[in-house]
Amino acid sequence: MAHNDIEDMLDHLRKIKSRGDLNVVKIETLEMELRFLRTFINYPHALLPDSLVEIRKKAKLIVEMLHSVFGGIPCEYKTSLNVERLVSELQEISEDNGTRLIYNFELNDSYMLEYMDYLDQNLNDAPRYLVRSVTFFAEKINILLKIDGYLRQVKVIQNKLRFLRYLYGTEINSYVDREKLEGMQVRIQFMADNVGQFCLALWVKEDGDDTSNIESKPRYLLCLVVIVELEMKKIFLCELKASKFTLSRTFKDKKLPKGLSYQLHCLLVYLRDKNLDNFPTIFSARNIDMAIEFLLVFLGDIPYHVINGNRLNEILEKVGVLVGDILYVIQMQLLSGSTIKDDASKIDLGTIQLLEKIEDLKAQLERCYKSLKYRPSQFPTVGGLSFLDSLLRKLNEMLKSKTCLDFILKPHIVILEKEFANLTSVFRDIAKVQHEHENFKDLQRRTINLAYEAEVAIDSILAQCNALWYLFCSLPTILKEIKHISAEVTMMWLENIAFKSCSTVEPSKHMPTQHRNLMNGEEIVGFDNDMKRIIRYLTRGTNELDVIPIVGMGGQGKTTCVRKLYNNDIIIYHFDVRAWCVISQTYSRRELLQEIYNQVTRCKDKVDDIGELADMLRKSLIGKRYLIVLDDMWDFMAWDDLRLCFPDVVNRSRIVVTTRLEKVGEHVKCHTDLYFLPFLTPEESRKLLQKKVFQNEACPHELQDVSLDVARRCKGLPLVVVLVAGIIKKKKMERSWWHEVKKALFSYLDREFEDYCRATMQLSYDNLPDYLRPCLLYMGMFPEDERIPVSKLISLWIAEGFVQNIESGRLTEETAEGYLMDLISSNMVMVARRRYNGKVKYCQVHDVVLYFCLERSRQEKFMLAVRGNIQRSDLKESRVSFSFSNELSKFASKTWKSLHQHLRSLITTNGGESLYWNPFSQFINLMRLLKVLDLSSHKLGRLSLDMLKPLIHLKYVALFTDKFDFHGKSHLPHLETLILKCLMHTQLSTNFWKMKKLRHVDFIETGFFWEKQIFEESSKLENLRILKGVEFTLDTDCLNVLVHRCPNLQELEIFFLSKYWRNIDEEKICLKLESLTQLQSLRLFFPLSAVVHLPSNIKKLVLCGASMESTIFSIAGLPSLEYLQLRDLHFIQSEEWCLGDITFPKLRVLKLMNLGISRWDASEESFPRLETLVIKISRYLEEIPLSFADIPTLKQIKLMRCSNNKSLVASALRIKKEVEENEGCNRVEIIIDGV
């Protein structure tokens, strides 16, 4: 055998070296290599699979060294040694696949002692391997100092290993019953195997290899040494009391090594990841898991302010013993590999004893916290009943969970769930009968606050953030208090106290009301003469550039009036270009210039330099008659920042400025005087009120008088009229309700106009159901005048827990959409833009509503929107929204340190700057309770999933990075929404498929690259509804697997990378999506003639780059298709698109972009329900078929960037004329945008 020949060789080399007349360095190097090889040939059980390759390399190297050494040795030195036989055996090892090194045997005492002797020699050789490599620790500045400290650590390990070997071999073995030594033997072997792996890593390391694992290993090995020492201490104190070592200071209490807690934590994580499925009973596996999880909670967040000094040392010793016991039980199961009854009983008994020790440790820790007092925080009470529902749902999920931390918390959760469920039921009963009793209100406020406290406590324990304090101090106090409140509420409720009824607040409902089709657009009543006058200012008068300042208070209708003017046909045709920009109180000059430039030029290019951007804007306006609207200007400095960008080319260009401040109007005016918008007359107010309340219906005669009375109370303010309409609408046919509202408004009549608006807003807010109030206040998280994407808003509401879905079979998103429609119906949220099907795409709130949300949120401690300067006191809220200006670096260095540990939501707005720092590296522990994290307004550099690992409660993440790395061992188990904008292609890993709660995934800009191997052994994402920005290679198997693993998708966007489609037989490419039966929206980008199989229920389809001939038959017969966009499609056979008998029965919107066709043949039967036709960038299409005039539903034809195509424009106008002549109406709108 090779190991015998190695021993012979080592003996022979020692004899040769002793003569002193040969190359000693060469021989010593060969000796060292042989000693390492001997260790791992004799004891290969600790080898990792990838180590075998390295050992084969070493065997080859040793063969070369043998030839080199013995080739230069005189013959008399070679006697009695068969060098060739050793070389031959080493060559066999270097050529096989490693199976010769893997064989099973038990390490009995003699083997164990020999194994430790070999390792002792390897550690002795370690310095030679460290010093010879200049790249080792190369990233450190002082290499020699670093290596010197490292070598001292290795020497300490060697000395301790040598001493433990001595104690075990001479003092313990043969003196203690073998059964009592089993735990000791397991600990020693585990320690020795780890030392062996460390020695192997040193031995096979090459220059350029990653050394991070080698650098961190000594402290870990010291931890394992401590575990062995603690077991030895127990044996000496219990079994060898007369030993000189027991009587000496060897096992006296001494300070444990620095960093022991961290290393114990690492060891426990390693043991937790072991496969425990083979344990003889679920009971024993659960006990092990619970023990590990509790110890991880302690070690992950040791409360040094509570436990320190000798007490900490004592507890850490106990933890070290417990870790050793866990190691013993797990190794006992793994080594036995059987389910023999005796072994199973032994393991079960070991786990029971382990849990008993854990309970003793918990009791000791609990005593440490007895002297601490629990001080409750102040949480918001708005939407309290909805939050209680959310918490109860969470508690129920935890009761069903099988994770061990949940199991540890289960006794507390059972009580919390019972008490909160009872109290919630009572409070809902009170709300139904509209009781108004101060004692009940106070008890409800306290209950809601305790519910927040309970959630923070539970989440902190799960996130291992000050966990012991919450477990031993906070939760017990919460339980005691909630039981007290429950008893008090029950007693009051049973006594049936006489309550005062509240008639102006409707009982809260958990389901949103069913909505009719709300009226599109903003209703405008009055201002007819004003609009005519302003149109004259805009189209007539001086040829020079003029500014028209429109002045009026908030809620008076300035923006609504100017928006109607902006979209007026006269204005559209009079000006070459138009742009609308909202200034607001806090603004960025660069962003304003960028917004105006993008609208004027219709391009999306971004320019960072303000001077360059201003010059580009000015040049783009020269030679054009332009209209610029600057809405809601608060400071004349904003005008000074912009005015030089607007050239006067003497062609009646105009700028409209709306403002509340007369001094701003005076500052900006040129030729036209300030225009003060008048208030509505009582009759105009009544007309608007009735329109908003009854919409398309007529106001009943019996309500005419009271509606006028209510209208008079609105003081001529359109916003007040709209808000009051939202209140009345709920019971619009009840005359008594109109009088109640009139009476409520009467109490506000003596207030100033601005205060009256706020008071009316308060009345509207008070009449909202409980579940809608947090949804409305959350609008304050967004900047002033922000157009908020509805999909984003809904995802945020869901992540915050505002949405309670109690209707079986209804998606949470649908319920949230109902909430939004309720708020729109109440006239507190406005529609900013609708989708083709009438659904709301963007929404916004009036600034009066926004200020109310901000003020009320601050009072309720619901959330805080920080604008401009940041105060430390601002950072104590649970939800924070930051709007940055130019103080980002200042924020980075100071603000994060002040974040409150209860922070649940963090959103940044007003983008444009990059963050040249990583907030996760230094401050991640301050954000462990985060549910919502949106930093998408600023670029963050490179991030990874591992950086977010501590944030286990995240439900919503939106980030803008250079690159995002999904690889690693972590995933976010509760994540529901993931929005990533990356500048570099990013590859997904299997971690993506572990996030089973994902509902909405959006990869923006470059898309995320998926390869086939990531699908292997992946689970389904059955909750995923939206998936956008996915990129695939030529292997369509990826698509098939995606369809299988995401069966409930409703919206999907896929890019097939064109560079991978070369030399592909396109006719064989088949994209099968028909199994996605819930899919409603699909965007496909693929440059080939592929066959596409689509689900029949699809409503919106965007195709880009495909061959028209191969796809038209796949999409033509789709029975539910309402929206179709064709981009960059090519026609292989001809440049004519002839539809023939092909029909699109339900198509409402058709968009054609950059199609290479010259002729289009279609009939009115091809698109029987078409409402909108959009053609963009069509150089060759000669005309739109005249048959489009016969489509009875056609409303709009829009030609974009087609103004040079005269025949196409003429055909659109001809269709409009044909409709007018045939039907006598002007139902078809023609929009020609030539820019």
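This is a predicted model: local features need pLDDT of at least 70, side-chain atom pairs count only at pLDDT 80 or more; totals for chains, interfaces and linings use all residues.
**Exercise 1: the cores**

Find which members of the largest nonpolar core touch the most other members, then follow the contacts of Phe298.

*Solution.* 
Step 1. Start with the core itself: it holds 155 residues, and the ones touching the most other members are Trp203, Met232, Phe298 and Phe420.
Step 2. Zoom in on Phe298 and skip its neighbours within four places in sequence. What's left in contact with Phe298 is Pro303, Ile307, Ile315, Leu316, Val319, Leu365 and Leu468.

**Exercise 2: strand β5**

Work out how covered β5 (residues 626–631) is, where its side chains point, and which strands it pairs with.

*Solution.* 
Step 1. Check burial, using the cut-off of under 20% relative accessible area. Six of the six residues in β5 pass as buried.
Step 2. Sort the directions. In a regular strand, side chains alternate between the two faces of the sheet. Here Tyr626, Ile628 and Leu630 point one way, while Leu627, Val629 and Asp631 point the other.
Step 3. Look for partners. Strand β4 (residues 577–582) runs parallel to β5 and is joined to it by six bridges, with Val582 opposite Asp631. Strand β6 (residues 654–659) is also parallel to β5, joined by four bridges, and Arg654 of β6 sits opposite Leu627.

Technical notes. Residues are numbered from 1 along each chain as its sequence is written. Side-chain values use heavy atoms; hydrogens and water are left out. A nonpolar core is a set of buried Ala, Val, Leu, Ile, Met, Phe, Trp, Tyr and Cys residues joined through side-chain atoms within 4.5 Å. Buried means under 20% relative accessible area, exposed over 50%, partly exposed in between (1.4 Å probe, protein chains only). Contact means heavy atoms within 4.5 Å. Helices (H or I, at least four residues) and strands (E, at least two) are DSSP runs, numbered from the N terminus. Two strands pair if DSSP finds at least two bridges between them.
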